[in-house]
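Let's take a friendly walk through a protein model together. Have the sequence and the 3D view ready.

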Amino acid sequence: MAGGGRRPRCPPGALLSLAAVLAAAGWVRAEQKEEQSIDLIGKNEVYGDTRHEVNVYVKVFTNSPFLVCMDLALSQERIIDPNYLWTGPDGRDLQGQSYVNLTETGKLMVMGFMVSMSGAYTCTLSHKVIETTTQEETEMVEAYKFMVYAYREADHAYQVSVRFSTTGCRLRSNGLFIEVLKKILNSTISHLTCHITESSSKCHSIRTPKNGLQYELFVNFLVNPFAPGWEEVCHEVLYDCEAVKNRRVRQAAERIGKFFHQLRHVLKHKFQAVPTIQYVDNSFSMTPIDSCQPGFGKNHHTHQNCASCCVVCGPGAYSPNNEVTCRTCARTRARMYGAKSCY
């Protein structure tokens with residue numbers, strides 16, 4: 001941390017005035033790993049491909065698209081005496097299962113998709129081809145494999161960076177200012193069940209061509225959607241909690257951006273005496289940060305068609321926390337989808 005030479009004093013009243021002005025302004029408140037091509041996808045339907053397995057991604061607690069037991073080319077032809085046999089990840093016949101919608105034309109929908117439903121869904125299509133002149137019948141058999149993965153939307157947070165000019169780096173008032181700022185920001189976004197975490201600040205001395213030596217506070221923090229009370233919000237919308245959390249944290253981030261935009265005006269025009277700590281114009285920046293729930297992760301290579309999704313960790317992999325990637329088990333291999341440990 002750079003030294004400040006003389007140690008000018010910042011009256012504590014300036015910090016209180018900042019809080020008072022902001023309160024008055026209303027701010028303080030209590031694939032084969034090859035991926036399916038687009039021509040395999042119809043209106044809520046995904047066609048098979050005899051050349052390779054087709055990857056399908058289903059958001060947890062929703063219904064899958066219809067998996068069609070034929071390829072797109074075959075679907076345009078007349079099929080004689082078709083017979084369809086669908087098996088699930090455990091190898092059992094899916095006919096009559098309560099969680100599937102299986103049509104007479106061989107289309108499969110998996111309803112209320114859960115993590116444990118992830119895996120390989122295979123359909124065997126048998127049908128006849130009749131030779132026109134001899135009427136000879138030939139039995140044809142084709143197999144189609146769909147790899148179906150549960151996924152969740154990524155949880156969003158926002159990394160914020162901002163700078164303030166100060167009269168010295170060794171001032172006690174710098175730390176007091178940061179604490180007041182954090183309290184005000186938390187009050188501003190608490191109604192959205194968001195809060196400020198991972199805050200840090202550091203003071204640097206900066207030489208400028210025109211103004212000589214100056215001092216600036218570099219402040220960083222995370223706008224986090226997991227403030228106390230977020231679980232209750234999710235209980236109200238169990239099936240789409242990520243969307244609600246992400247909408248709330250986006251609103252919180254936008255509100256903080258507006259706060260700093262107005263803070264520049266407040267510090268310049270509302271104080272009779274110029275405060276010793278000033279917002280540095282255009283120093284505010286915000287970067288979205290993604291995380292995944294335990295048992296899920298991102299893989300841009302394996303899941304190209306769902307690169308922004310948090311896809312369930314496959315067998316042999318796990319994710320114990322809110323990291324963005326699934327880890328590979330070194331020895332004991334997790335045998336299920338969505339593992340949070342290797343044991």
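Predicted model: local features only at pLDDT ≥ 70, side-chain atom pairs only at ≥ 80, totals over all residues.

Residues are numbered from 1 along each chain as its sequence is written, and side-chain values use heavy atoms, leaving out hydrogens and water.

Start with the largest pocket, which is lined by 21 residues. A pocket here is an open set of points on a 1 Å grid over the protein atoms alone, where a 1.4 Å probe fits, with protein on both sides within 12 Å along at least five of seven lines; lining residues have an atom within 4 Å of a point. Look for Asn-299, Thr-302, His-303, Gly-314 and Ala-317, the lining residues nearest the pocket's centre. The lining divides into 9 nonpolar, 8 polar and 4 charged residues, where Ala, Val, Leu, Ile, Met, Phe, Trp, Tyr, Cys and Pro count as nonpolar, Asp, Glu, Lys and Arg as charged, and the others, Gly among them, as polar.

Now find Thr-188 in helix H2 (residues 172–189); helices are DSSP runs of H or I with at least four residues, strands are runs of E with at least two, and both are numbered from the N terminus. Is Thr-188 buried or exposed? Thr-188 is buried, because its relative accessible area is 0%, and buried means under 20%, exposed over 50% and partly exposed in between (1.4 Å probe, protein chains only). A polar atom of the Thr-188 side chain lies 2.7 Å from the backbone oxygen of Ile-184.

Finally, Phe-61 sits in the loop between strand S3 (54–59) and strand S4 (66–68). Phe-61 counts as partly exposed because its relative accessibility is 30%.

Key: Polar contact = N/O pair within 3.5 Å; in protein donor to acceptor, adjacent residues only side chain to side chain.
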